[in-house]
Amino acid sequence: MAQEMAMLHDISRCSGCRACMVACKQWHDLPADMSTPFEGQYQSHADLTPTTYNLIKFNETTDEQGKFRWDIIKYQCMHCGDPACRNGCPENAISKLDSGAVVINEDQCVGCGYCAKNCPYGIPKIDGIAHKSRKCDLCFDRIQEGMVPACAKTCTADAISFGPKAEMEKLAKERLEVVKQSFPNAQLYGVGDNKVGGNHMMYVLTDKPEKFGLPADPATPKSIDMWKDVARPIGQVATFGAVAGIVGMAAIAQFRKSRMDKKHDEKKEG
Amino acid sequence: MAKLKYLPRHKKGFIICHWLNGISFLMLFLTALPLYIPSFGDFYRAVGPHNLQLLHRFFACVFIATPFVGLFIAREGYKRLFSEALHFTKDDIEFQKKFPAELVGGEPDLPPQGFYNGGEKMNILLQMGLWCVLVASGLVLWLGTSLPQSLQAWAIPIHAIAGGCGFAAALGHIYLALGVNPESFQGMKDGTVLTDYAVHHHGKWVDELVAEGKVSRKDIE
Ligand code: HEM
Ligand code: SF4
Ligand code: SF4
Ligand code: SF4
């Protein structure tokens, strides 16, 4: 069994250079993407897109002293332990690998978009031309070859670390102590257990998750169990049950009719 | 044998709406089947998932538009549908209790029924409710990408449950029409029904027709 791995983004170290965005595109052979308009900000794209799996967000904010600053964050799939995208995929196109990577199998995907609707972080994006769902795959193919994901490998500021999960958790806690000295609201995100089964993408944040556009308390939606355990079985029972019921009723009716006709005939003859 | 062999029952506009509704419903179910029943996944891939997704949306438009089309071409029929379905009588309840025997070829002693019988009223109410649920949840799935994530997630099971119940009810409806009371089917073809059938199955409606002077007792007995 492969080792469980994790990635850690230390916000306080990130300079927003976007080298990781470029590296991601290069490794996955993704074209440049002009699909979201320029809005006069530093951020390159408004959101992730089917050809942008990794986005450096520049959240504009002012601190307690009224001083302007950017809260920069690397945004991509969080590689949940109990991934909503996988659980709710009707085609079983998404799998969770031993390394922790959550990966879409393109051949199985039918582009229905259920993964995008179920993901608590809004990560998967549907390619409108290929009709396939796309997102960061943690460079699982690189991991398999003993390499580090392209984004982590290229990071110019040592803000992205990658390694065995336990090591990354330890590093996160150490970094938090340091970062807290300059950012009193600093906290960890995605480290340890949570309602998505823990994450294999973890953060040292300089402020509350909301400041970075992250959900404060993400959870794998209960509606997926409802769909898998109730909606589909009920629907299937209702569908096949109705068919079987009708065939059965018709058979009984036919049987009774033929018996009555027989009686009729007997009477006539007798 | 009655002198007047057939009684007029449905107008043309209403018949058109019935078939628009029925066909779009069936096509909606079929085009979504692969998502619903995993073993149909290969069918999905053979036809091309995106084609089915587009067709699902096309028939959704027909399904949504039908009652609005009815507002123009079948106002009377829809009015009757609503007012009848919302008025349950004692006889309707008795009908519902006794009718199931007829499903398996029995001939229970049923109370006289109006334009729609107790069972049809139940089906109409169910279909109206499901229409609302399917359209609301379907629109969330289709166009609701900027709505809160949990609402989008909930739309999936809600839509699926409503689709399954609707299909079961539709099969029951078809069985009753074709298997149990084939005489009624003509009402959705040329709009008339056999007078004998009407007297037996919709006694109160025939009484209404007589009271309104649309037919005379003599003609139907
Ligand atoms: C008679 C009406 C309808 C039936 C029987 C029906 C049935 C279904 C079923 C069974 C599914 C798959 C559920 C699952 O995931 O398990 C589905 C998916 C879906 N339905 Fe419907 N539906 C109906 C009406 C509508 C309407 C009115 C809309 C839109 C306004 C709509 C939009 C969708 C969408 C967007 C999906 C997601 C799958 C896809 O993209 O094809 N449906 N439907
Ligand atoms: S963040 Fe979203 S897309 Fe990524 S594993 Fe979790 S549920 Fe799936
Ligand atoms: S879009 Fe593809 S990966 Fe996402 S739920 Fe549908 S089939 Fe699964
Ligand atoms: S892990 Fe790979 S796919 Fe994911 S953001 Fe980094 S480079 Fe892109």
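Contact, in these exercises, means heavy atoms within 4.5 Å. This is a predicted model, where local features need pLDDT of at least 70, side-chain atom pairs count only at pLDDT 80 or more, and totals for chains, interfaces and linings use all residues. Residues are numbered from 1 along each chain as its sequence is written, chains are lettered from A and ligands numbered from 1 in the order in which they are written, and side-chain values use heavy atoms, leaving out hydrogens and water.

**Exercise 1.** Work out the strand order of the open sheet in chain A, then find what lies across it.

*Step 1.* Strands are DSSP runs of E with at least two residues, helices are H or I runs of at least four, and both are numbered from the N terminus. Two strands pair if DSSP finds at least two bridges between them.

*Step 2.* Reading across the 4 strands of chain A gives β8-β1-β10-β9, with mixed pairing. At the edges sit β8 (160-164) and β9 (187-189) of chain A, each pairing on one side only. From one strand to the next, the twist averages 20°.

*Step 3.* Now pick one pair: β1 (residues 5-10) of chain A runs antiparallel to β8(A), over 5 bridges. Look for A6(A), whose bridge partner in β8(A) is G163(A).

*Step 4.* Helix α6 (residues 165-182) of chain A lies across β1, β8, β9 and β10 (201-205) of chain A, at about 140° to β8(A). Angles like this run from 0 to 180 degrees between N-to-C directions, with axes fitted to C-alpha atoms (for helices, over the stretch in contact).

**Exercise 2.** Describe how α3 and α7 of chain B pack.

*Step 1.* Helix α3 (residues 49-73) of chain B meets α7 (residues 118-143) of chain B at about 140°, with the axes 11 Å apart. That makes α3(B) oblique to α7(B); under 35 degrees counts as roughly parallel, over 145 as roughly antiparallel, 65 to 115 as roughly perpendicular, and the rest as oblique.

*Step 2.* Find the touching residues: on α3(B) they include F63(B) and F68(B), and on α7(B) they include W131(B) and W142(B).

*Step 3.* Sort the contact by class: 9 nonpolar, no polar and 1 charged residues. Ala, Val, Leu, Ile, Met, Phe, Trp, Tyr, Cys and Pro count as nonpolar, Asp, Glu, Lys and Arg as charged, and the others, Gly among them, as polar.

**Exercise 3.** Which residues come nearest to ligand 2?

*Step 1.* A residue is near a molecule if one of its heavy atoms lies within 4 Å of it.

*Step 2.* Among the 14 residues around ligand 2, the nearest are C77(A), M78(A), C80(A), C85(A) and C119(A).

*Step 3.* By class, that shell splits into 12 nonpolar, 1 polar and 1 charged.
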